[in-house]
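Q: I have a chain open here and want to go through it. Can you take my questions as they come?

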Amino acid sequence: VAWHMPEKGNGLLHMLTATFSAACMNTIAKQLYADSAVSQMTLFTIRGVAVFLLNGLLVAAHSGCTASQRVLTLQVDDASKARKAVWRGFASTAGVTMIHLSFQMINLSDAIALSMASEVITTMAVARTCISGSERLSKRALAGGALALLGMVLLTQPAAVFGRAPPSVAGSLLAVGGGLSLGGVHVWS
């Protein structure tokens, strides 16, 4: 798994860049399948391959080509890491399956946005409260989490606000459930 912690003070810039990139990806994806150029499943498959390859590039940039090759060929060096990888695989499969099911009920961009938001919130909240007892949630982090939750609520387009029928509740719950499962994978990793 490739992850390089940003330098102190650059976290907000990294988060804004990631958020902007995700918003651009969702906009492009929505336009592609709205024009029926490609199916939602094709876009999801392309995204999976792209993320896998980008992960390899990030590892190569951070730890060198040998480490990247080990990541891309899924090599592990002991049994405990192999068991951990299997359980991560099960949890990831459950999360991705829920997301796949969700975008059969709601559009792809909403499913991805809901799952990504719940994934980030889960990772932040669980990691800070369960793993690192010394790092408490600040008012700023809580405010950011509250804004993310508000964004998730707005994505579900409640009838009281938008005056029309919202997307499928089951689809929205599946997307959020998929994000929760994947967020758990991040914390466990």
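Q: Of contacts between residues at least 6 apart in sequence, what share join residues at least 24 apart?
A: That share is 72%, where contact means heavy atoms within 4.5 Å. The model is predicted, so local features need pLDDT of at least 70 and side-chain atom pairs count only at pLDDT 80 or more, while totals for chains, interfaces and linings use all residues. Residues are numbered from 1 along each chain as its sequence is written, and side-chain values use heavy atoms, with hydrogens and water left out.

Q: How many helices and strands are there?
A: The chain has eight helices and zero strands. Both are DSSP runs numbered from the N terminus, helices being H or I with at least four residues and strands E with at least two.

Q: What percentage of the chain is buried?
A: Of its 189 residues, 25% count as buried. Buried is under 20% relative accessible area, exposed is over 50%, and partly exposed is in between, with a 1.4 Å probe and protein chains only.

Q: Which residues of α8 are buried?
A: Among them are Gly 171, Leu 174, Gly 177, Gly 183 and Val 187. Helix α8 covers residues 169-188 and reaches 28 Å from its first C-alpha to its last, close to the 28 Å expected at 1.5 Å a residue. The expected span is 1.5 Å times one less than the number of residues.

Q: Why does Thr 122 count as buried?
A: Because its relative accessibility is 13%. A polar atom of its side chain also lies 2.7 Å from the backbone oxygen of Ser 118.

Q: Switching to the surface. Which residues form the nonpolar patch?
A: Val 49, Phe 52, Leu 53, Leu 72 and Leu 74 form it, with about 470 Å² of accessible area together. Areas come from the Shrake-Rupley method with a 1.4 Å probe, and for residues only the protein chains shown count as cover.

Q: Which helix gives the most to the patch?
A: Helix α2, residues 40-63, with three residues. Leu 53 is found in α2, and counts as partly exposed because its relative accessibility is 47%.

Q: And where is Val 71?
A: Val 71 is in helix α3, residues 65-72. Leaving aside neighbours within four places in sequence, Val 71 is in contact with Asn 55 and Val 59.

Terms used. Patch = residues over 30% accessible without salt bridge, like charges linked within 9 Å, V, L, I, M, F, W, Y side chains within 5 Å. Salt bridge = Lys/Arg side-chain N within 4 Å of Asp/Glu carboxyl O. Polar contact = N/O pair within 3.5 Å; in protein donor to acceptor, adjacent residues only side chain to side chain.
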